[in-house]
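Please find below a note on the structure shown here. The points are numbered so that each may be read beside the model.

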Amino acid sequence: MAPLAPPVAAIRIAVRRALTELPVAGPVLVACSGGADSLALAAAAAFVAPRVGRVAGLVTVDHGLQAGSARRAEAVARWAAQAGLAPVDVVRVEVAGRPGGPEAAARTARYQALAEVAGRYGAAALLTGHTRDDQAETVLLALARGAGPRGLAGMPPRRDLAGVPLVRPLLEIGRAETRAACAALGLTPWQDPHNSDPAYARSRVRSDVLPALVQALGPGVLDNLARTARLVAADNAVLDGLAGEALIGARHPDGGLAVKALADLAPAVRGRVLRAWAHELGAPPAALSHRHLAALDTLVTAWRGQGAAYLP
């Protein structure tokens, strides 16, 4: 019997850890595009899930943005059924007409579809194949946008998606490992042309910026960027906890928030309080920018008779 390839073993260990941490019964669904990352994840889930008493299925989303996308989605579904994954679902989404650029519109459509499928099957979790390389790209893009700690924290290992945990087991696994795992398992991943299209900022970071950083600073830069995200996320969790308590203390009996209570807060905490309050008022998180929060903060700390601050 041939020894297990190290990348296959590493991915299976990561998936096993993720599955054993889920307390809720129900199937685990792998979001799989057919690319190397999600294909390696799905193969690992098919192997690990029955060995830890779980049911693992797969959902693939057809965005309809490329010729032959429906055939590719059906091919992924056929492979999943042969691999023993069940349930298997193919979902077609409409991207055109959604707000934001093409990347944002496709992402919104995809996650909406994933949430609907997860709810239909009563899924215990959705697994996605985001890797350490994806995390490094996310941190670099956040830096380029001038994002604060929330952006620099990158993608969390786990977050809520319409009441279902969205889990990213591979955030400490490199993209090279998922490709090597697919090769070791005899799987042929789909190469998405969007991933190398220079029209997209993430593609340019992937093809130009990260290789240049690796060449200049060494391969450890990917781990360092991912570790930065983890460290910042831990700090964010503490500050968000303080902000939650401060929001309760700042509420005014007549509605709104008390200016004096806000003014006494540290700026990092006050900004989080104002963000949370704006969300309560109905401002969409994706549309709420630093400019909006700065205008709110000015009403608290530097009011000179200026007019209202308008939120999205």
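1. Basis of the note. The model is predicted; local features need pLDDT of at least 70, side-chain atom pairs count only at pLDDT 80 or more, and totals for chains, interfaces and linings use all residues. Residues are numbered from 1 along each chain as its sequence is written, and side-chain values use heavy atoms, with hydrogens and water left out.

2. Strand β2. Helices (H or I, at least four residues) and strands (E, at least two) are DSSP runs, numbered from the N terminus. Buried means under 20% relative accessible area, exposed means over 50%, and partly exposed lies in between (1.4 Å probe, protein chains only). Strand β2 covers residues 56–62, and seven of its seven residues are buried, so the strand is largely enclosed by the rest of the structure. A56, L58, T60 and D62 point one way from β2, while G57, V59 and V61 point the other way.

3. Neighbours of β2. Two strands pair if DSSP finds at least two bridges between them. Strand β1 (residues 28–31) pairs with β2 in the parallel sense over four bridges, and V30 stands opposite L58. Between β1 and β2 the chain passes through helix α2 (residues 36–48), and this β-α-β crossover is right-handed; that is, with the strands pointing away from the viewer, the path from the first strand over the helix to the second runs clockwise. Strand β3 (residues 88–92) also pairs with β2 in the parallel sense, over five bridges. In β3, V88 is the bridge partner of L58, and R92 stands opposite D62. The covered face of β3 holds D89 and V91, whereas V88, V90 and R92 form the uncovered one.

4. Two backbone details. The peptide bond from A86 to P87 is cis, with omega near 5 degrees; P87 is found in the loop between α3 (69–82) and β3. A162 has a phi near 55 degrees, a positive value in a residue other than glycine. A162 lies in the loop between β5 (158–161) and β6 (164–167) and is exposed, with a relative accessible area of 66%.

5. Domains. The protein is divided into domain 1 (6–217) and domain 2 (221–302), with bounds that come from an automatic or database domain assignment. The C-alpha centres of the two domains lie 30 Å apart. The contact (heavy atoms within 4.5 Å) takes 16 residues from domain 1 and 13 residues from domain 2.

6. Area between the domains. The size of an interface is often given as the accessible area lost when the parts come together. Buried area is here the accessible area (1.4 Å probe) that two parts lose on being put together, summed over both. Between domain 1 and domain 2 this area is about 1,300 Å², of which carbon and sulfur atoms give 69%. On the domain 1 side, R132, R150 and A153 lose the most area to domain 2, together 39% of what that side buries.

7. Salt bridges. A salt bridge is a side-chain nitrogen of Lys or Arg within 4 Å of a carboxyl oxygen of Asp or Glu. The count by this rule comes to 15, and two salt bridges are found across the interface of domain 1 and domain 2. Which residue forms a salt bridge with R132? The partner of R132 is D223, the closest N and O atoms being 3.1 Å apart. R132 lies in helix α5 (residues 132–145) and D223 in helix α9 (residues 220–250), so the pair ties together parts that are 91 residues apart in sequence. R132 counts as buried at 16% relative accessibility, while D223, at 36%, counts as partly exposed.

8. D134 and R206 meet in a salt bridge (3.3 Å, N to O). D134 lies in helix α5 and R206 in helix α8 (residues 201–217), so this pair ties together parts that are 72 residues apart in sequence. D134 is buried at 8% relative accessibility, and R206 is partly exposed at 21%. For contrast, D264 and K260 meet at 2.5 Å, N to O; D264 is exposed at 53%, as is K260 at 58%. Salt bridges that share partners join D37, D134, E137, R175, R202 and R206 into one network.

9. Helix α12. H292 has its place in helix α12 (residues 290–301) and is buried, with a relative accessible area of 7%. Residues up to four places away in sequence not being counted, H292 touches A287, Y310, L311 and P312.
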